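Student: I'm new to this one. Could you zoom in on how the strands are put together and take me through it slowly?

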Amino acid sequence: MTPHPTDPRISGVHRAFDRRAFLAAVTAVAAGALVPEGLAAALPQHARAAVQGSRRRIADRAGLEALVLGTAQDAGFPQVGCYTPRCERGRAEHREGRGRYVSSLALVDPEAERFYLVDATPDITRQIDAIEAPAFRRRAGERRPFDGIFLTHAHIGHYTGLALLGNEGLGIRDTPVYCTAAMADFLSSEQPWAFLVEQGRIVPTPLETGRWHSIDGVFDVQLWPVPHRDEFADTVGFLFRGPSASLLFLPDIDSWAAWERDLGEVVRSVDVALLDGSFWSIDELPGRSMDDLPHPLMRSTMDRLQAVVDSGEAGRVVFTHLNNSNPALDEGGPEQAEVARRGFEIAREGMRFSL
Ligand SMILES: [Zn+2]
Ligand SMILES: [Zn+2]
């Protein structure tokens with residue numbers, strides 16, 4: 001039986017490990033290294049799953065993974081018409097083949113030929129090239145690359161990529177789009193999205209919030225409502241639960257204090273939490289006060305979670321959805337060093353999490 005993410009057994013496992021050993025092992029796995037047996041045995045369940053997942057790729061099969069397709073705020077990195085030194089570095093990273101795209105995930109099981117997209121961004125054309133499985137490319141040729149698409153909300157970075165899957169682009173067919181009832185209504189009633197529905201390309205599939213739904217028997221998902229600027233529909237985070245681990249994808253929230261859930265409890269109960277890392281500090285927002293910030297600040301999120309991370313009870317806490325003003329985008333910079341020193345991570349394109 002798959003343990004429930006709020007199952008105390010998972011917390012118990014978290015409590016028993018050394019976070020630095022875990023991060024070192026995960027980094028080694030990400031780099032393609034084999035982790036020594038002794039260290040693998042000492043790792044908590046979710047870290048062992050990552051290690052074993054890596055090994056299965058060689059010996060057996062990888063199973064279900066979340067693949068990071070993008071890590072930037074809605075308007076991307078660099079942003080249009082932005083020529084700050086940071087955005088110019090973003091352009092250079094694209095030229096070097098290591099650019100950042102708008103925050104998104106793919107859930108992939110290449111050998112079972114299962115592929116899901118989590119948020120459809122304006123960068124979709126280039127970012128799904130990261131799904132290199134021949135089965136995915138064959139299925140794209142058949143106009144049915146994804147078994148389903150999950151959408152968090154109706155802001156441009158999170159759903160407008162659907163436009164490129166329509167008539168003038170890939171021309172997908174019969175693809176369920178999993179979202180809230182309000183988001184499904186929005187897609188079915190507002191052009192040009194309603195045209196995708198009329199043509200049978202996407203099938204808005206509302207899922208009730210706050211309870212488990214099985215998706216094709218491949219994994220389970222819960223939709224967690226979050227407070228956010230909801231001009232067109234509402235906003236959720238997705239909690240995915242695979243055979244071996246759970247992952248929360250929560251790229252946008254107004255503030256942790258306004259949320260009905262306790263963030264410390266949340267990161268204790270999941271194996272990986274991908275969280276809103278839009279801004280680093282108030283300095284990025286000239287003229288704004290702490291009271292009218294549209295997002296939590298990375299530094300205050302780390303302050304809020306530091307005790308639970310230091311206690312070893314937390315799963316991996318990984319920031320995503322970085323705004324083009326965020327100095328944590330600077331590769332090798334002091335902000336990235338602070339994040340790592342404090343036991344947190346910053347998402348990067350190509351990261352994989354075994355589920
Ligand atoms: Zn966003
Ligand atoms: Zn948003």
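Tutor: Start with an open sheet of seven strands in the order β7-β8-β9-β10-β11-β12-β13, with mixed pairing. Its edge strands, each pairing on one side only, are β7 (213–215) and β13 (345–346). Two strands count as paired if DSSP finds at least two bridges between them. Strands are DSSP runs of E with at least two residues, helices are runs of H or I with at least four, and both are numbered from the N terminus. Within this sheet, β11 (residues 272–276) and β12 (residues 316–320) run parallel and share five bridges; Val272, for instance, has Arg316 of β12 as its bridge partner.

A quick word on what you're looking at: this is a predicted model, where local features need pLDDT of at least 70, side-chain atom pairs count only at pLDDT 80 or more, and totals for chains, interfaces and linings use all residues. Residues are numbered from 1 along each chain as its sequence is written, while chains are lettered from A and ligands numbered from 1 in the order in which they are written. The mean pLDDT (the predictor's confidence in each residue, from 0 to 100) is 87, and 82% of the residues reach 70 or more. Over residues 1–59, though, pLDDT stays under 50.

Strand β14 (residues 352–354) runs antiparallel to β1 and is joined to it by three bridges, with Arg352 standing opposite Leu67. On to β2 (residues 104–109): it pairs with β1 in the antiparallel sense over five bridges, and Leu105 of β2 faces Val68. Six of the six residues of β1 (residues 65–70) are buried, so that strand is largely enclosed by the rest of the structure. Buried means that 20 or more other C-beta atoms, placed from the backbone, lie within 10 Å of a residue's own; exposed means 12 or fewer, and partly exposed is in between.

Strand β2 is largely enclosed too, because six of its six residues are buried. In a regular strand the side chains alternate between the two faces of the sheet. You can see both faces of β2 covered: Ser104, Ala106 and Val108 are buried on one side, and Leu105, Leu107 and Asp109 on the other. Ala106 and Leu107 are also among the residues that touch the most other members of the largest nonpolar core, which has 86 residues. Such a core is a set of buried Ala, Val, Leu, Ile, Met, Phe, Trp, Tyr and Cys residues joined through C-beta atoms within 7 Å. Beyond its neighbours within four places in sequence, Leu107 is in contact (C-beta atoms, placed from the backbone, within 7 Å) with Leu64, Ala66, Tyr116, Val118, Phe219 and Phe240.

Next comes β3, which runs antiparallel to β2 and is joined to it by five bridges; Val108 stands opposite Phe115 there. The two form a hairpin with four residues between them, and Glu113 in the turn has a positive phi of about 60 degrees.

Leaving out residues up to four places away in sequence, Tyr178 touches Gly148, Phe150, Thr205 and Leu207.

Finally, back to α9 (residues 181–189), where Met183, Ala184, Phe186 and Leu187 are buried. These four sit on the same side of α9 because they cover an arc of only 160 degrees around the axis, taken from the directions from the helix axis to the C-beta atoms. The buried residues of α9 pack against β5 (175–179), α10 (193–198) and β6 (202–206).

Technical notes
Contact = placed C-beta atoms within 7 Å.
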